[in-house]
Amino acid sequence: MNPSPTIRKVFQGVATRQQMFRMFDRHAQRPDRWDGDPSPLYAGEWFEIAEAEHDYMFEILPQLWIRGSIFAMREYLTGSVTSVFFTLRIDGGIRHFHGYCDLSDRSAVEHMRVAIVERESRRVRAMSQAERLEHIWSSTADDYRGYAGVCWPESDRGHRTVVLYGGTEGTFLKRLDDLTDDEISAKLPVHLRHLPLSIAA
């Protein structure tokens with residue numbers, strides 16, 4: 001099942017180059033990869049990258065357009081969704097971000113820019129429940145995440161799953177959106193476990 005096509009942060013911290021390339025297609029394993037229009041699955045996803053990764057992407061392929069400190073890639077991921085790279089001044093510092101924007105919506109890039117600035121300008125470091133789950137999905141290796149298949153009840157099929165460690169019970173799969181607070185905490189990196197829970201995504 002696809003996440004809601006809203007503007008959403010999908011990784012906490014600054015992604016390394018390896019993490020960046022993995023997150024360019026966080027949904028590669030989905031069972032319906034070649035069916036339907038996956039645009040809503042990707043459109044709205046964003047995460048932070050370092051200046052070196054931003055500059056690397058600027059130089060590696062020709063841009064579709066450049067507007068001030070923002071540029072879009074010529075190669076579309078799917079339909080009218082493509083990578084857009086932002087260089088933004090936030091709280092006096094220069095930071096860099098990657099987002100997927102549906103360019104059929106003329107306001108998509110500006111909406112994402114505003115959302116990133118608003119999200120990253122918060123005075124208190126916190127994560128929403130959705131951001132916790134998306135970070136777990138983004139940072140889990142492909143071998144330990146997947147999608148519920150035919151062995152699951154029909155109502156669960158297609159939902160994202162992750163491997164959990166059950167101590168003496170061994171490992172087991174669980175739906176990502178069914179993780180308990182304790183399971184979420186165990187799957188998050190130590191430095192993120194104790195951040196306050198924010199209401200906004």
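**Cores and sheet of the predicted model**

In this predicted model, the largest nonpolar core has 17 residues, of which M20, F24, F47, M57 and F85 touch the most other members. A nonpolar core here is a set of buried Ala, Val, Leu, Ile, Met, Phe, Trp, Tyr and Cys residues joined through side-chain atoms within 4.5 Å, where buried means under 20% relative accessible area (1.4 Å probe, protein chains only). Two or more residues come from each of β1, α1 (17–23), α2 (39–42), β2, β4 and β5, with β1 giving the largest share, three residues. Helices (H or I, at least four residues) and strands (E, at least two) are DSSP runs, numbered from the N terminus. Residues are numbered from 1 along each chain as its sequence is written, and side-chain values use heavy atoms, without hydrogens and water. Local features need pLDDT of at least 70 and side-chain atom pairs count only at pLDDT 80 or more, while totals for chains, interfaces and linings use all residues.

F24 is in contact (heavy atoms within 4.5 Å) with Y42, F47, M57, L77, F85, H98 and Y100, leaving aside residues up to four places away in sequence. Another core, of 15 residues, lies apart from the largest one and includes W46, V84, I90 and F97.

Turning to the sheet, six strands in the order β1-β2-β6-β5-β4-β3 make up an open sheet with mixed pairing; two strands pair if DSSP finds at least two bridges between them. Its edge strands, β1 (8–15) and β3 (63–67), each pair on one side only. Strands β2 (residues 45–49) and β6 (residues 93–102) run antiparallel and are joined by four bridges; W46 has G99 of β6 as its bridge partner.

Note on methods. Buried < 20%, exposed > 50% of the residue type's maximum accessible area, 1.4 Å probe, protein only.
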